[in-house]
Amino acid sequence: MTYMNERALSQYEKVGVRGSITDADPHAIIQVLMQGILERIGRAKIALSRGNIAAKANLLPETVRIVDALRAHLDLEKGGEIAANLDALYDYMSRRLIDANSFNDVSALDEVSHLLTEIKSAWDAIGPTR
């Protein structure tokens, strides 16, 4: 397992995303992390709609940690402008998730979900690099 896979696996386990990624390629790990973000946003929206602020307050910090893990694994040197743009976008998404948590802002959750869905669609389309 590569160093990136080990670090991603560690972050993956910390935030409770389910499934086995021990032998997954980096592309698949990123897909799973992105899916974990989208699922947590969906669960946070449901929690908010039900007035379950405690559940929302537990879900969104986990979600921020996953976004931050994606950001931490960007190779800004090799990735050039694309990596730099993703870095800025992940930073923005983290801040919007913090806003959503602080102000119970469903529109911020919708915005992050939309942005990440666009990124995930592109990521899914490129396929693994093996």
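**Helix packing, term by term**

Mentor: Helix α4 (residues 76-103) and helix α5 (residues 106-126) pack with their axes 8 Å apart, at an angle of about 155 degrees. This is a predicted model, where local features need pLDDT of at least 70, side-chain atom pairs count only at pLDDT 80 or more, and totals for chains, interfaces and linings use all residues. Residues are numbered from 1 along each chain as its sequence is written, and side-chain values use heavy atoms, with hydrogens and water left out.

Trainee: Why are α4 and α5 called roughly antiparallel?
Mentor: Axes are lines fitted to C-alpha atoms, for helices over the stretch in contact, and angles run from 0 to 180 degrees between N-to-C directions. Angles under 35 degrees count as roughly parallel, over 145 as roughly antiparallel, 65 to 115 as roughly perpendicular and the rest as oblique. The angle here is about 155 degrees, and α4 and α5 are therefore roughly antiparallel.

Trainee: Which residues of α4 and α5 meet?
Mentor: Contact means heavy atoms within 4.5 Å. On the α4 side they include L86, L89 and M93, and on the α5 side L109, V112 and L115 are among them. By class, that contact has 13 nonpolar, one polar and two charged residues.

Trainee: What makes α3 and α4 roughly antiparallel?
Mentor: The axes of helix α3 (residues 53-72) and α4 cross at roughly 170 degrees and come within 9 Å. So that pair is roughly antiparallel too. The contact includes L60, V64 and V67 of α3, with Y90, L97 and I98 among the residues of α4. It divides into 11 nonpolar, three polar and five charged residues.

Trainee: And how do α2 and α3 pack?
Mentor: Their axes are 9 Å apart, at an angle of about 160 degrees. That makes α2 roughly antiparallel to α3. Their crossing is left-handed.

Trainee: How do you know that the length of α2 agrees with its 24 residues?
Mentor: The expected span of a helix is 1.5 Å times one less than its number of residues. For helix α2 (residues 26-49) that should be 34 Å, and the end C-alpha atoms are 35 Å apart, which agrees.

Trainee: What caps the N-terminal end of α2?
Mentor: D25 does, with a side-chain oxygen 2.9 Å from the backbone nitrogen of H27. Just after α2, G51 takes a positive phi of about 75 degrees.

How values were computed:
Helices (H or I, at least four residues) and strands (E, at least two) are DSSP runs, numbered from the N terminus. Ala, Val, Leu, Ile, Met, Phe, Trp, Tyr, Cys and Pro count as nonpolar, Asp, Glu, Lys and Arg as charged, and the others, Gly among them, as polar. A polar contact is a pair of N or O atoms within 3.5 Å; within protein, one must be able to donate a hydrogen and the other to accept it, and residues adjacent in sequence count only if both atoms are side-chain atoms. A crossing is left-handed if the near helix is turned anticlockwise from the far one by less than a right angle, and right-handed if clockwise.
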